[in-house]
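Dear colleague,

Please read them with the model open beside you.

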Amino acid sequence: MMKPATPKGTRDFGPQEVFKRNYIFSVIKKVFEKYAFLPLETPAMELLSTLSGKYGDEGDQLLFKILKNGDFLEKADAFDNYKKMAFQICEKGLRYDLTIPFARYVAMNRHALTFPFKRYQIQTVWRGDKPQKGRYQEFYQCDVDVVGSNAMLQEAELVCIYDEVFANLHLPVQIRLNNRKILAGIAEVANISDKFMAMTIALDKLDKVGVEGVKKELLGRDIPEAATEFIFKIIQTSSMEQIKKLLQSSPLALEGIAEYEEIMAFLATMPLKNEVVFDISLARGLNYYTGTIFEVLTPAVQIGSLGGGGRYADLTGLFGLPDMSGVGVSFGAERIYDVLEELQLFPETAFSQVEVIFISFDAATLRMAFAYAQQLRAAGICTDIYPDPETKLKKQMKFANDKNAKYVLIIGEEELKNNTISVKNMRDGVQEVMSFTEFYNTLTQS
RNA sequence: GUGGUUGUAGCUCAGUCGGUUAGAGCACCAGAUUGUGGUUCUGGGGGUCGUGGGUUCGAACCCCAUCAUCCACCCCA
């Protein structure tokens, strides 16, 4: 016999876990829909040509590729180059994120859509990453994006959505903002535009390695002393006015700062429940971001970000629809789950709750139980019946107890004859005899 | 992808220097209690010690490989 197991980086979700995850989804969905986002689902598989080249070399490595059906070797000849070979023997791959499939969808349906188009999407994505805590090979993302609008209002709404969702989950977070234009401006003024990527990677580590660590990182990445000093000065500055002064010579940077200030102007009058901060070190990996970038962190638990996103000036251009700006953010459902679990923030209502379980003794009492159960179910009460009346009462009671039922309704010979039921309250152990109607009324009225 | 950690009952773990028949708690099953769960008491079942190879008279323990796990890096939700 083979040993049962799930593949690396994947896991099962048992009944209680699915209930809890659905709780997260329902909170998120409710907020998304309130902000007039529309649902979208796309296939688990995309053409490899749609996916490849969108996430950088690193991303291409992490793509799950699907072997062609049939004789996949027929047209293959790159036996000495596994990367090239992969594209010869595979034509599909598993979705890596929800943004690229969304861009593909928008490009394909441009004539049918009304812009700006706001969509949300809650589906699994797959990445061939090495698993760690909070990092899986299969995980859910919950994305909201709006495409076809350059307005900073969109960014402001996305911040509000983050704020509202995490407030509703009772999870305190910090929402961080930055702008790729400001980062590009820094590189421009420091005269290291060609090392932009290296600079952002170094900056992104500020949280982890501190100011001195970033300095070392920058120098280690061949960034000149003078440029490093300049960057150093900027990340130590806390006031936006100071930053503005330092980047005065870069129109691009000033544009980024103006965008940020516009977002904050929208938010100024909003009573947000979570902290919104400007974070110059926030870089984010995905290289298609061009404007605002977002990230959500929780101070409560040591785990990676709970979500992130940004604006991309020309996402659908890759699919033949140019000059279409989009902005969106993502919620990492798995990580939110892990954090809520750790902090025990799942409410009682997130779990399944059997209210009533019937126990009977023979065919006649079982039929009676069934008739009663259907009445309770019609009233929307979660009801179950122990299906085998011959089973010892002790065992039936244990079943009800394991299912965490609130009430056990016992129907025996005696009860059947007197047209009553025995109601046992499993919370306090008190048992009383009454008519079914009496029980039904107290339950449906409370 | 690179470096490290851990892997023993369904779960959490103990297991001495390599030495007899591998243990505990929880969970499970049965009985105490033939119409009463959860609490209590008594008893019971359950192990290819991750997998494959090697060293040895002898391996859960040492060596190699492999898979999984967690951690750091890279990157990311």
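Valine 173 is buried, because its relative accessible area is 5%, where buried means under 20% relative accessible area, exposed over 50%, and partly exposed in between (1.4 Å probe, protein chains only). The model is a predicted one, in which local features need pLDDT of at least 70 and side-chain atom pairs count only at pLDDT 80 or more, while totals for chains, interfaces and linings use all residues. Residues are numbered from 1 along each chain as its sequence is written, chains are lettered from A and ligands numbered from 1 in the order in which they are written, and side-chain values use heavy atoms, with hydrogens and water left out.

Valine 173 is found in the loop between helix H6 (152-168) and strand E7 (174-179); helices (H or I, at least four residues) and strands (E, at least two) are DSSP runs, numbered from the N terminus. Leaving aside neighbours within four places in sequence, valine 173 is in contact with Phe166, Asn274, Glu275, Val296, Leu297, Thr298, Pro299 and Leu306, contact meaning heavy atoms within 4.5 Å. Histidine 170 is also placed in the loop between H6 and E7, but histidine 170 counts as exposed, because its relative accessibility is 56%. The phi of histidine 170 is near 60 degrees, a positive value in a residue other than glycine.

**Other backbone features**

Alanine 36, in the loop between helix H1 (15-34) and E1, has a phi near 70 degrees, which is again a positive value in a residue other than glycine. A cis peptide bond, with omega about -5 degrees, joins phenylalanine 115 and proline 116, and proline 116 is found in the loop between helix H5 (99-108) and strand E5 (117-126).

**The chain as a whole**

Chain A has 17 helices and 16 strands. The mean pLDDT of chain A is 89, and 98% of its residues reach 70 or more, pLDDT being the predictor's confidence in each residue, from 0 to 100.

Chain A has a radius of gyration of 29 Å, whereas a compact globule of 446 residues would have one near 22 Å; the radius is taken over C-alpha atoms, and the globule rule is 2.2 Å times the number of residues to the power 0.38. The C-alpha trace spans about 95 × 65 × 45 Å along its principal axes, and buried residues make up 50% of the 446 residues in chain A.

**The sheet of eight strands**

An open sheet is formed by 8 strands in the order E1-E5-E6-E11-E10-E9-E7-E8, with mixed pairing; two strands pair if DSSP finds at least two bridges between them. Its edge strands are E1 and strand E8 (275-278), each of which pairs on one side only. Within this sheet, strand E6 (residues 138-147) and strand E11 (residues 326-332) run antiparallel and are joined by 7 bridges, and valine 146 stands opposite valine 327 in E11. Helix H13 (residues 333-342) packs on the sheet, touching E6 and E11, and its direction makes about 40 degrees with that of E11, where axes are lines fitted to C-alpha atoms, for helices over the stretch in contact, and angles run from 0 to 180 degrees between N-to-C directions. H1 lies across E5, E6 and E11, running at about 5 degrees to E6.

**The sheet of five strands**

A further open sheet has 5 strands in the order E13-E12-E14-E15-E16, also with mixed pairing. Its edge strands are E13 and strand E16 (431-434), each pairing on one side only, and the twist averages 25 degrees from one strand to the next.

Strand E12 (residues 356-360) is largely enclosed by the rest of the structure, because 5 of its 5 residues are buried. Val356, Phe358 and Ser360 point one way from E12, and Ile357 and Ile359 the other way. E12 runs parallel to strand E13 (residues 383-385), to which 3 bridges join it, and phenylalanine 358 stands opposite isoleucine 385 in E13. Helix H15 (residues 393-402) lies across E12, E13, strand E14 (407-411) and E15, running at about 170 degrees to E12.

With best wishes
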